[in-house]
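Q: Could we go through this structure together? I would like to ask about a few residues and then about the strands.

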Amino acid sequence: MTSCCPWPQPPPAMATVDICKATAMSAGSFNATPQGYDWTALPPMHRKRIFLNAVILPNASIVVFGGMDDIGGNHHLEVERYSGGDGWEIELDLLYRVIRDYHSTAVLLPDGRILVAGGDNRCWDYQIYTP
């Protein structure tokens, strides 16, 4: 296996990263070990999204905020959450009235809440999500 990483040997510990493919309605888990890697597909999200923000919670669930269908497309105000099992759930109590897409961010805070802020033409506002 050829590597472009700056270290001479792969790290000894296993690394797991959950990735959402924004241009499709899919997500998956990429697992890397010194022996190789694999991709495990997750069930599809309710909507395809670009310019989204995804946060992995301490319980390994994934929360997705904002995004759009496509460039110049519809903005998504729904928050989707994947907790394992059958698929993604829309968090109905979190239908945002604030557009969060391009140039926005979502950050897991030390207390487990999520700071969601910014977005195109949104410089000074934020929301706090409590899972």
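Predicted model: local features only at pLDDT ≥ 70, side-chain atom pairs only at ≥ 80, totals over all residues.

Q: Which strand is Arg-81 found in?
A: Arg-81 belongs to strand 6, which covers residues 80-82.

Q: And is Arg-81 buried or exposed?
A: Arg-81 counts as buried, because its relative accessibility is 13% and the cut-off for buried is under 20%.

Q: Which side chains does the side chain of Arg-81 join through a polar contact?
A: One is the side chain of Ser-61, at 3.4 Å. The side chain of Tyr-129 is joined to that of Arg-81 by a polar contact of 3.5 Å.

Q: Changing topic to the backbone: what is the phi of Phe-51?
A: Phi of Phe-51 is positive, at about 60 degrees, although the residue is not a glycine.

Q: Where is Phe-51 found?
A: Phe-51 sits in the loop that runs between strand 3 (36-42) and strand 4 (53-56). With a relative accessibility of 26%, Phe-51 counts as partly exposed.

Q: What about the phi of Ala-60?
A: Ala-60 is a residue other than glycine, and its phi has a positive value near 75 degrees. The loop between strand 4 and strand 5 (62-65) holds Ala-60.

Q: Buried or exposed, in the case of Ala-60?
A: Ala-60 is exposed, since its relative accessible area is 52% and exposed means over 50%.

Q: How do strands of a sheet pair, in general?
A: They pair through backbone hydrogen bonds, in either a parallel or an antiparallel manner.

Q: Back to this model: how many bridges join strand 8 to strand 9?
A: Five bridges join strand 8 to strand 9 (residues 114-118), and the two run antiparallel.

Q: Which residue in strand 9 stands opposite Ala-106?
A: Val-116 in strand 9 stands opposite Ala-106.

Conventions:
Residues numbered from 1 in each chain as written. Heavy atoms only, no water. Helix = DSSP H or I, 4+ residues; strand = E, 2+ residues; numbered from the N terminus. Buried < 20%, exposed > 50% of the residue type's maximum accessible area, 1.4 Å probe, protein only. Polar contact = N/O pair within 3.5 Å; in protein donor to acceptor, adjacent residues only side chain to side chain. Pairing = 2+ DSSP bridges.
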